[in-house]
Amino acid sequence: MTGSTPAPFTADDYRARMERAARHAADAGLAGLLVAPGPDMVWLTGYTPTAVTERLTVLVLAPGRDPVLVVPTLEAPDAEHATGASALTLRDWTDGKDPYAVTAALLDDRGRFGISDNTWAMHLLGLQRTLPGSSYASLTDALPMLRAVKDAAELELLAAAGAAADATFEEIRKVTFAGRRESDVGHDLADLLRRFGHSQVDFTIVGSGPNGANPHHEVGDRVIRPGDMVVLDFGGLKDGYGSDTTRTVHVGEPTAEERAVHDVVRAAQEAGFRAVRPGVACQEVDRAARAVIDDAGYGEYFIHRTGHGIGVTTHEPPYMIEGEEQPLVPGMCFSVEPGVYLPGRFGVRIEDIVTVTADGGRRLNDTTREMVIVD
């Protein structure tokens, strides 16, 4: 891949994110946020512990107070070197002391707190035991849009990840499919993602023939045959931000029915993309794509939502699904990925990552959405 590398985030970037998160917590009626190691902590502080263990590590954010990162003493040196460390206070605790008491001293004993979804149950229960008057709500429920709107630097990173995934597809379409196992093609996809700059491969779905009718089949030992439709869905993290794209290829010439189903899904994907603009509810993207598939008579075979958000994880809010009335905002990034899955026969899915612009949407994937024939 060519092109300049985006500038790394600074302590000021992380300070602004923590301040924004504390404000959003207050607006949601929360006394603060408790953030365990994981994507939320990475996004807020730039800190990733070398290992997540039974020892409590938690970021405490509260309106009007400086951020505090509670860490085990033996991990404090690593935390001090995180990019966002200068924007917060470190409070360490040693083995033999009660980390919940250390954390409780920073909290309103009767407050309601947002807590990151991946917090270990033992830590949440320890806090509840120490502060029996406190209560908690998952961040997905309390602040689902916390990371949803990306700034210019984040958009640049997402675009670079999308370009790397596109380069992967352009290479994989050149390889031989017939006579090889799905797992062989999956290994090729993973190798290509890494070659084009991904540090983490989250998934490589290769669904050939009837396996393509299972949206999350991933890979198996089935040998790909001439005449197979093959769903290729792959992505991961590049420079900390996600990629996720799907194209459906065909080994040799497709039948008229296979081509017709592919055309329906391509039209549905285009309709979903065209529905993207500021102020439109997320569910309208799903409705637009689903209407095309319904009208073609395949509605019962579109069995998942149209899209999901993407950022420092490959799946996050917002979700393009019926009932989600959250309006689209410039800077949001999410997939548009309708599909048709005919049990026991084949499946088709086409997916791009899309970002909301001031007057519409912009695709972050640009490989052809036409039927691609492979050997």
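# Close-up views of a predicted model

**View 1. Arg363 and its partners.** The side chain of Arg363 reaches the side chain of Glu270 in a polar contact of 3.0 Å. Please keep in mind, here and in every view below, that this is a predicted model. A second polar contact, at 2.9 Å, joins the side chain of Arg363 to the side chain of Gln269. Is Arg363 buried or exposed? Arg363 counts as buried because its relative accessibility is 12%, and the limit for buried is under 20%. Leaving aside residues up to four places away in sequence, Arg363 touches Gln269, Glu270, Phe273, Asp352, Ile353, Val354 and Arg369. One more landmark for this view is Phe334: 29 residues separate Phe334 from Arg363 in sequence, while their C-alpha atoms are 9.8 Å apart in space.

**View 2. Glu337 in a loop between two strands.** Glu337 sits in the loop that runs between strand 13 (333–336) and strand 14 (339–342). How much relative accessible area does Glu337 have? The value is 8%, so Glu337 is buried. The side chain of Glu337 meets the side chain of His308 in a polar contact of 3.1 Å. His308 is also one of the residues that Glu337 touches when those up to four places away in sequence are not counted. Others among them are His304, Arg305, Thr306 and Gly307, and the list also includes Asp233 and Asp244. Arg349, Ile350 and Glu351 complete this set of contacts.

View 3. Arg266 has a relative accessible area of 26%, so it is partly exposed. Asp263 is partly exposed too, because its relative accessibility is 34%.

View 4. The side chains of Glu322 and Arg287 come together in a salt bridge of 2.7 Å, N to O. At 46% relative accessibility, Glu322 is partly exposed. Arg287, with a relative accessible area of 35%, is partly exposed as well. Elsewhere, salt bridges with shared partners join Arg247, Glu270, Arg274, Asp352, Arg363 and Arg369 into one network.

**View 5. Glu253 and Arg259.** How many salt bridges does a search of the whole structure find? There are 27, and the pair in this view is Glu253 and Arg259. Their closest N and O atoms are 3.9 Å apart. Glu253 has a relative accessible area of 61% and is therefore exposed. Arg259, at 34%, is partly exposed.

**View 6. The largest pocket.** The space in this view has a volume of about 380 Å³. Its lining is made of 22 residues. To find the centre of the pocket, look for Val42, Asp239, Gly240, Tyr241 and Val312, the lining residues that lie nearest to it. Which elements give two or more residues to this lining? They are helix 1 (11–27), helix 2 (39–45) and strand 7 (200–208). Helix 2 gives the most, with three residues. By type, the lining of the largest pocket divides into 12 nonpolar, seven polar and three charged residues.

**View 7. The largest cavity.** Rolling a probe the size of a water molecule over the atoms shows where empty space is left. The count comes to one cavity of 30 Å³ or more. About 30 Å³ of space lies in the largest cavity. Which residues line the largest cavity? They are Ala36, Leu56, Val58, Ile115, Thr119, His123 and Leu127. This lining divides into five nonpolar and two polar residues, with no charged ones.

How values were computed
Residues numbered from 1 in each chain as written. Predicted model: local features only at pLDDT ≥ 70, side-chain atom pairs only at ≥ 80, totals over all residues. Heavy atoms only, no water. Helix = DSSP H or I, 4+ residues; strand = E, 2+ residues; numbered from the N terminus. Buried < 20%, exposed > 50% of the residue type's maximum accessible area, 1.4 Å probe, protein only. Polar contact = N/O pair within 3.5 Å; in protein donor to acceptor, adjacent residues only side chain to side chain. Contact = heavy atoms within 4.5 Å. 1 Å grid on protein atoms, 1.4 Å probe; cavity = no way out; pocket = protein on both sides within 12 Å on 5 of 7 lines; lining within 4 Å. Points joined across faces, edges and corners; volume = space filled by probe spheres on them. Nonpolar A, V, L, I, M, F, W, Y, C, P; charged D, E, K, R; others polar. Salt bridge = Lys/Arg side-chain N within 4 Å of Asp/Glu carboxyl O.
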